[in-house]
Structure formats: structure tokens, C-alpha cells
Amino acid sequence: MATHHRRSVLGLVTLLGFGIATPPALALPQGAQVQAGKVVITQPSSTHLTIQQNSNRAIVNWNSFSVAAPESV
């Protein structure tokens with residue numbers, strides 16, 4: 001009976017997300033500063049970033065620019 005109880009607790013802990021299975025850290029680009037040109041940057045979801053350039057040339061400086069596996073830019 002102790003083994004059955006232990007498995008039930010482990011299942012509950014896994015379902016509640018107590019550190020057993022953690023999602024990957026998100027790494028979308030951060031800290032955009034448009035220096036030149038016309039650029040619109042939006043983030044419609046936690047895993048998607050849209051960069052729309054509305055001029056022939058543009059310069060955007062970023063604090064960090066990284067894209068993790070489930071993300072898109």
C-alpha cells in the first residue's frame with residue numbers, strides 16, 4: 001500500500017509542476033532601440049516577435065537577440 005501511495009503523490013507532484021518537468025526558458029530578443037528608419041516591433045504572444053520595417057533602411061540596436069526552439073521572430 002505504501003508503494004501505491006508514493007506513486008500517487010509523484011503523479012500529483014508532476015501534474016502540478018513542482019520542478020520535475022520545467023518548460024524551456026524563453027529567449028526572444030529584448031531591449032529594442034530603433035536608431036534610424038521606421039520599424040514597428042510587436043509581440044503578439046510569449047513565443048512570437050514581429051519586426052516590421054516600414055522604410056528602405058533601418059537600424060535597430062538590441063540588448064540581446066536570441067531565439068529558443070519554440071519561438072519565432
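Where is I59 found?

Reply: I59 is found in strand β4, which covers residues 59–61. Before we go on, a word on the ground rules: this is a predicted model, where local features need pLDDT of at least 70 and side-chain atom pairs count only at pLDDT 80 or more, while totals for chains, interfaces and linings use all residues. Residues are numbered from 1 along each chain as its sequence is written, and side-chain values use heavy atoms, with hydrogens and water left out.

Here's the overall layout. The chain has one helix and four strands, and from the N terminus on its elements run α-β-β-β-β.

I59 counts as partly exposed because its relative accessibility is 46%; buried means under 20% relative accessible area, exposed means over 50%, and partly exposed is what lies in between (1.4 Å probe, protein chains only). Leave aside the neighbours within four places in sequence, and I59 is in contact with Q33, V34, Q35 and A36, where contact means heavy atoms within 4.5 Å. K38 is 21 residues away from I59 in sequence, with 8.9 Å between their C-alpha atoms.

Now look from the other side. Q33 lies in strand β1, residues 33–36. With neighbours within four places in sequence set aside, Q33 is in contact with I59, V60 and N61. Q33 is partly exposed because its relative accessibility is 44%. Q33 and N63 are 30 residues apart along the chain, and their C-alpha atoms are separated by 8.6 Å.

That takes us past the end of β4. N63 sits in the segment after β4. N63 is exposed because its relative accessible area is 66%. Beyond four places in sequence, N63 is in contact with Q30 and G31.

F65 and G31 are 34 residues apart in sequence and 8.8 Å apart in space, C-alpha to C-alpha. Skipping neighbours within four places, F65 is in contact with P29, I51 and V73.

Then there are the rings. Rings of Phe, Tyr and Trp (its six-membered ring) pair if their centres lie within 6.5 Å; planes under 30 degrees apart count as stacked, over 60 as edge-to-face and the rest as tilted. By this rule the count comes to one aromatic pair. W62 and F65 form it, edge-to-face, at 5.3 Å centre to centre with 75° between the planes. W62 is partly exposed because its relative accessible area is 23%, and F65 is partly exposed because it has 48% relative accessibility.

Areas come from the Shrake-Rupley method with a 1.4 Å probe, and for residues only the protein chains shown count as cover.

Strand β2 (residues 39–45) and strand β3 (residues 48–53) pair in the antiparallel sense over five bridges; two strands pair if DSSP finds at least two bridges between them. I51 in β3 is the bridge partner of I41, and T50 in β3 is the bridge partner of T42. A hairpin through two residues joins β2 to β3.

To close, the totals. Of the chain's 73 residues, 8% count as buried. The accessible surface of the chain comes to about 5,800 Å², with 56% of that belonging to carbon and sulfur atoms. Among contacts with a separation of 6 or more, 44% are between residues 24 or more positions apart.
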